[in-house]
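Try each task on the structure before you turn to its solution.

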Amino acid sequence: MTSNANVSYLPGSQADANASETARSIQRVFERQRETALRLRSSTREERASKIRRLKQAVLDARPAFYEAGMRDFRKPAAEVDLTEILPVVAEANDALRHLKRWMKPQRVAPTMMMFGTQAWVQHEPKGRCLIMSPWNYPVNLTFGPLVSAIAAGNTVILKPSEMTPHLTAVMVKLVRELFSEDEVAIFDGDASVATALLELPFDHIFFTGSPAIGKVVMAAAAKHLTSVTLELGGKSPTIVDASADLKAAARNILWGKYTNNGQTCIAPDHVFVHESVKDEFVRHCREVLASSYGETAQAQMSSPYLARVVNQRHTQRVAGLLEDATQRGALVLSGGSVDQNECFVAPTLLTNIPPEARIMSEEIFGPLLPIVGYTKLDSVIAEINAQPKPLALYIWSKDEPTIRSVLQRTSAGGTCINHSVVQFVHGRLPFGGVNNSGIGNAHGLYGFKAFTHERAIVRNRYQLASLFYPPYTNFTRKVGELLMKLV
């Protein structure tokens, strides 16, 4: 990690000096990228593809460093580094390489009746200088995935990864600075002061992944320059398990989606609504899954090589506070419940009988706590979901088609899985994004390319038919207009 990441721990005058130097460096790079962005407007498919290939290979070559850094930052298992960090970036790169020629090709558009005598097409232009601000929970994936899309679209980029995973960030900083000239792709690590300095600049597009609260800050900063944004946010993603569901498969899959990365996933199942008639059986399967996956005791789970830690002590305290608040209000711990703040450990925990006023029912958990809520009427579940901000994800476990249709038609969410969870993120041909509070815009594949692209409408005249409507207006003009009214 470079010295920028430690500015908040330096004496006042030294911290101010470092912050000023960082701000000057940011301004210098931003200015350098202006000429490059203009040049890249005419970049070819092969030029863009070459950079994507080099990035993909560099990420693959850095796997051992990412394994070590992931372990040091929050004891992330190497298998999870592969599956949730490296593989999505490689898949994104491969998809771009496979389809970039088609994405870049101008799209011919047939003329409407009123535009007879013209040709038209949509030309895909780079937006220009782009900023990608990524979070700490999947730092490699959520930094380099959008970077692939930005490069594919022909932009320059400044990256701002999170300071909360310093070892993973350090690997990314080294990789980017060795791979790219800073006038094309630059990276700045550091605390919130670095992000603030970046947000003061008039970027052509900002791609932010993080919480809704910080997303509002980013959007407000972008509004000062009328900068377009893609906001990948979060929220409380509900799961519904009805009486017809395969309970064993549901328990295994939901807990996999929940406890991967120790619950620190924006699309993780946040809480589960289970039909009362199958709730006890579902809980039994969940307990069996926890024991077989991570161990039967808190000590075994703390020693498990398959369970990541909470990212730091501050977040551990936050998650522990949600657990304490729920239990003090009468919630029942069905499994887990152990906390060791010094070790940043919160056991995978199942909760039930949670009163609606408990904070865990209104705040995004982003940790290894899973509330299980019994229900008898689907209408009440749908009403409760619709009373909350629109979630990033909603999951349905059911074999009953009318139930599935009802939930899909009567709710809104960024994405949904039926009898599965979290995999909508890795489906490269689907748009990934939220709605309202859970996000604005989409990412991945073609949708990621479009996020960093301006779709320029172009009309080329062939016959000067518009001259029929030049003033002075005559009776003939009126008759032609009336004819068009009828035809249109």
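**Exercise 1. Decide whether C344 is buried or exposed.**

Solution. C344 has a relative accessibility of 13%, and buried means under 20% relative accessible area, exposed over 50% and partly exposed in between, with a 1.4 Å probe and protein chains only. C344 therefore counts as buried, and C130, at 0%, counts as buried too. As a next step, look for disulfides, each being a pair of cysteine sulfur atoms within 2.5 Å: a search of the whole structure finds zero.

Before going on, note that this is a predicted model, in which local features need pLDDT of at least 70 and side-chain atom pairs count only at pLDDT 80 or more, whereas totals for chains, interfaces and linings use all residues. Residues are numbered from 1 along each chain as its sequence is written, and side-chain values use heavy atoms, with hydrogens and water left out.

**Exercise 2. Describe the surroundings of T403.**

Solution. Begin with the element: T403 lies in helix α14 (residues 401-410), where helices (H or I, at least four residues) and strands (E, at least two) are DSSP runs numbered from the N terminus. Its relative accessible area is 15%, so T403 is buried. Then list its contacts, meaning heavy atoms within 4.5 Å: leaving aside neighbours within four places in sequence, T403 touches D242, L378 and S398.

**Exercise 3. Which residues have the most contacts inside the largest nonpolar core?**

Solution. A nonpolar core is a set of buried Ala, Val, Leu, Ile, Met, Phe, Trp, Tyr and Cys residues joined through side-chain atoms within 4.5 Å. The largest one has 59 residues, and those with the most contacts inside it are L55, F66, F144, L147, L159, L175 and I267. Helix α4 (residues 78-104) gives the most to this core, namely nine residues. A second, separate core has 26 residues, including V241, L247, A250 and F345. Finally, take F144 as an example: apart from neighbours within four places in sequence, F144 is in contact with L55, V59, F66, V89, L159, M172, L175 and V176.

**Exercise 4. Find the order and the edges of the six-stranded sheet.**

Solution. Two strands pair if DSSP finds at least two bridges between them.

**Exercise 5. Classify the crossing of helices α2 and α3.**

Solution. The axes of α2 (residues 45-61) and α3 (residues 63-74) come within 5 Å and cross at roughly 55 degrees. Angles under 35 degrees count as roughly parallel, over 145 as roughly antiparallel, 65 to 115 as roughly perpendicular and the rest as oblique, so α2 is oblique to α3. The contact is made by V59, L60 and D61 of α2 with R63, P64 and F66 of α3.

Methods: Axes fitted to C-alpha atoms, helices over the stretch in contact; angles between N-to-C directions.
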